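Open the structure in your viewer and keep the selection tool ready. Each stop tells you what to pick and what is there.

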Amino acid sequence: MNRQAQGVVMLLFGGAVLKASVTDMYLRYVKEVLQPFLIAASVLLIAAGLMTLWYDLRAGRGDHAGHGPGDRAGHGHEDAHGHGAGQHREPRVGWLLILPVLGLLLVSPPALGSYTAATAGTSLSDEQRVVDFPPLPQVSLVELTVLDYAARAVWDDGESLQGRRVQLTGFIVTDRHGEPFLARLVLTCCAADARPVKVGLTGDVPDGLPDDTWVTVIGGYVEQTSIDPINEATIPYLQVESWREVEPPSQPYE
Amino acid sequence: MTLHRPPPYTSREDGHSPSRRRFGDRIGAVEIIAGLLILLAIFRSPIAAAVGHPAVQAWTTVFVAIMVQALPFLIGGVGVAAAIGVYVPRSFWQKALPRNQALAVPVASCSAVVMPGCECGSVPIAGSLVRRGVSQAAALAFLLAAPAINPIVLIATAVAFPDHPEMVLARALASAAVAVGVGWLWIRLGRADLLRLPPRPELDDASRHRAFWNALRHDTMIAGGFLVIGAAAAATINVVIPERWVTAVADNPWLAIAVMAGLAVLLSICSEADAFVAASLTQFSLTSRLVFLVVGPVVDLKLIAMQVGVFGRRFAATFAPLTLAVAVAMALLCGWWLL
């Protein structure tokens, strides 16, 4: 891979990440907090690509006057990677950097959803048990994250949820028996560590919706639970009063 | 991917005479990229259909996510590495680190604590340190310590295990013991020819700025390219291994430890995030999860791939098993003592 091509690949990769991080697209892959770092890194990558092209084009025009002694010396060593003697090893492995560029620009894969939620167990681990749940705000309808609802329902035995109407937003994932669950994926760093949180539904259950349909459900706490067969963790339930389909949110994770 | 042989008549290093530069592989490589992009743009919809299967889609998302997540750490690490290689004089390291190698190892490990780095960034930095005359053992101790024991990682661990604050202590102690232990072992075991850094004459360029950008470009392409291999492998494991299989082995304590060590290597999760993944694997014993947290930041697919790229294949073939063995031993020791 010659230097011009390396410069072009760096420009493409930097440009693709910059494009993803100034739109909402980066939220499909990483947390919001990473945005400034992504922008800084992609700008630096673009700068490196431009500098590479600039130095290379100048050298290509025969402008050797500015070259230091080291620039043309020191080659001809057999390097540790076994490439031919006498040839400076331009990293061929760099070609692989085209793959994430294609992934971002061409495929732009969607946020993880029901596939991940169906293959991983609900993630309410005992070690993360919070002891004190702050009381819910005194409003007629409380908007909660799926994680917050599930945590209060399982660890607090629904204490702080008693008699309250709550609203949750998530996507539909059906288990092997065709029972729909409301799920949301929780991220710590990036989509590679996504863990699902699932809530079972009773009452006015949104039946027959395809997986990955986003819904907002309104309902209340119910003392029903089931066990996730994948990791034997507890899945709490919600007594659904009403539900409606919604557009997927720009922040798909919690 | 340029397969040309250097012309015998020239002593120029990059193997293209001025005429070849203009008409040969130089323009060829850029044209390949352009052609590839045009083809892919034309066949975009069949490609999109091919990646329509949910498993393939999940794979693509996880792969892209790892690359995006790693980019700031990669570029940050590569930037620091280039700055060390170009702007920091060799004499600085001789003054900063004890002359005695056995002392330099713990000092390097401690300096890593204050540098919140990620695996991806620490590999090129360690390469740059060796290039600037820091002893291999000290640079490798830094490489192992930087991602494993820094404030961000320890706070993340405390948040993930609120009921087990001893987990934080156990992780810090075991990881520090791994960095120092492997460093000391390397003084003994590491033959100088194992770690061979390819010559980088451009670092001595008369123009410092050109040298800096050249080093940045070179490290980005190598470390980034190998990061792609690691990310692809980790995404495959992430999507292919069903959680059900993993949890089936949790009941056997020794098998659980082996599986958690294996998972840490295969999953290649960032050290900032692995505590939360460990916390969610509740069926496993605390000790086996400590093994996961200690092994992950020092040996994983992503790191091995990058070490092959920066230090060479023979180095990685010795260093990775050595680190894995020490990491498992230290984690078991600290787990037995503290958990």
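This is a predicted model: local features need pLDDT of at least 70, side-chain atom pairs count only at pLDDT 80 or more; totals for chains, interfaces and linings use all residues.

Residues are numbered from 1 along each chain as its sequence is written, with chains lettered from A and ligands numbered from 1 in the order in which they are written.

**Stop 1: chain A.** Select chain A. It has five helices and six strands. Helices (H or I, at least four residues) and strands (E, at least two) are DSSP runs, numbered from the N terminus. Along the sequence the pattern is α-α-α-α-β-α-β-β-β-β-β.

**Stop 2: two helices of chain B.** Select residues 101-113 of chain B, helix 6, and residues 136-148 of chain B, helix 8. They pack at an angle of about 30°, with axes 8 Å apart. Axes are lines fitted to C-alpha atoms, for helices over the stretch in contact, and angles run from 0 to 180 degrees between N-to-C directions. The two helices are therefore roughly parallel (angles under 35 degrees).

**Stop 3: Q307(B).** Now pick Q307(B), in helix 16 (residues 301-311) of chain B. Is Q307(B) buried or exposed? It counts as buried, because it has 26 C-beta neighbours inside 10 Å. The cut-off for buried is 20 or more other C-beta atoms within 10 Å, with C-beta atoms placed from the backbone. Last, select F319(B). Q307(B) and F319(B) are 12 residues apart in sequence and 9.1 Å apart in space, C-alpha to C-alpha.

Key:
Angles under 35 degrees count as roughly parallel, over 145 as roughly antiparallel, 65 to 115 as roughly perpendicular and the rest as oblique. A residue is buried if 20 or more other C-beta atoms lie within 10 Å of its own, exposed if 12 or fewer, and partly exposed in between; C-beta atoms are placed from the backbone.
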